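Here is a friendly briefing to read alongside the sequence and the 3D view. Please keep both open as you go through the points below.

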Amino acid sequence: MSSQASSLQALRQELQAKWAAMAPRERQMATVAGWLLALTLLVLVGIRPAWRTLSETPAQLRELDAQLDQMRRLADESQMLRQRPPVPPAQSEAALRSATERLGAGAKLNLQGDRATLTLNRVSGDALATWLDEARGAARAKPTEAGLMQVEPGVYSGNIVLAMGPGAGGGR
């Protein structure tokens, strides 16, 4: 530690000697250059990041507001689904079978008690989304497991397991 202190002291003395040897005009120019360097560092380190943050904030706030609106819509939809009366099992099964028929030959539904398993083979994503909406709305079935794989862009294979019966469509 003392060797560092002595080397710093030697460096300081050397700089003071160089400063004293400079002409007054050179000292003035070095002082101005030092102030310009300090000002540049202040702008680059202190002001630019704050300015960037201030300029990005409105866009971030709009994005967060959009996310909040979406969360509110989902919460409202969830509340609406909870308030729906339960569907009798026969009606729920009929709604699932009907929706599955609209998926075509690439879909097979297997019903076992309060569970339904949909097996998919090359079904479009749009048709699957429509099926899920109908399963949740008309059949009050709640997806509990999904093993899907995209075989082509927008085309899926795999299976989805749904819970049926009281409370399944209320969705937690």
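Two strands count as paired if DSSP finds at least two bridges between them; helices (H or I, at least four residues) and strands (E, at least two) are DSSP runs, numbered from the N terminus. This is a predicted model, in which local features need pLDDT of at least 70 and side-chain atom pairs count only at pLDDT 80 or more, while totals for chains, interfaces and linings use all residues. Residues are numbered from 1 along each chain as its sequence is written, and side-chain values use heavy atoms, with hydrogens and water left out.

**The sheet**

- An open sheet is built from 4 strands in the order β1-β2-β4-β3, with antiparallel pairing.
- Because β1 and β3 stand at the edges with a single partner strand each, one side of each has no neighbour in the sheet.
- From one strand to the next, the twist averages 10°.
- Strand β3 (residues 142-152) is joined to the antiparallel β4 by 9 bridges, and G147 has N159 of β4 as its bridge partner.
- N159 in β4 also stands opposite T119, and β2 and β4 pair in the antiparallel sense over 8 bridges.
- The hairpin of β3 and β4 has 2 residues between the strands, and G154 in its turn shows a positive phi of about 80°.

**Helices on the sheet**

- Helix α3 lies across β1, β2 and β4 and runs at about 165° to β1.
- Helix α4 lies across β2, β3 and β4, at about 160° to β2.
- These angles run from 0 to 180 degrees between N-to-C directions, with axes fitted to C-alpha atoms, for helices over the stretch in contact (heavy atoms within 4.5 Å).

**The nonpolar core**

- A nonpolar core is a set of buried Ala, Val, Leu, Ile, Met, Phe, Trp, Tyr and Cys residues joined through side-chain atoms within 4.5 Å.
- Buried means under 20% relative accessible area, exposed over 50%, and partly exposed in between (1.4 Å probe, protein chains only).
- The largest such core has 19 residues, and L96, L103 and W131 are among those with the most contacts inside it.
- At least two residues of this core come from each of α3 (89-103), β1 (107-112), β2 (115-124), α4 (125-137) and β4 (155-163).
- Beyond its neighbours within four places in sequence, W131 touches L96, A99, T100, L103, L118 and L162 by the contact criterion.

**A buried serine**

- S92 sits in helix α3 and counts as buried because its relative accessibility is 2%.
- Its contacts, leaving aside neighbours within four places in sequence, are V87, A139 and M164.
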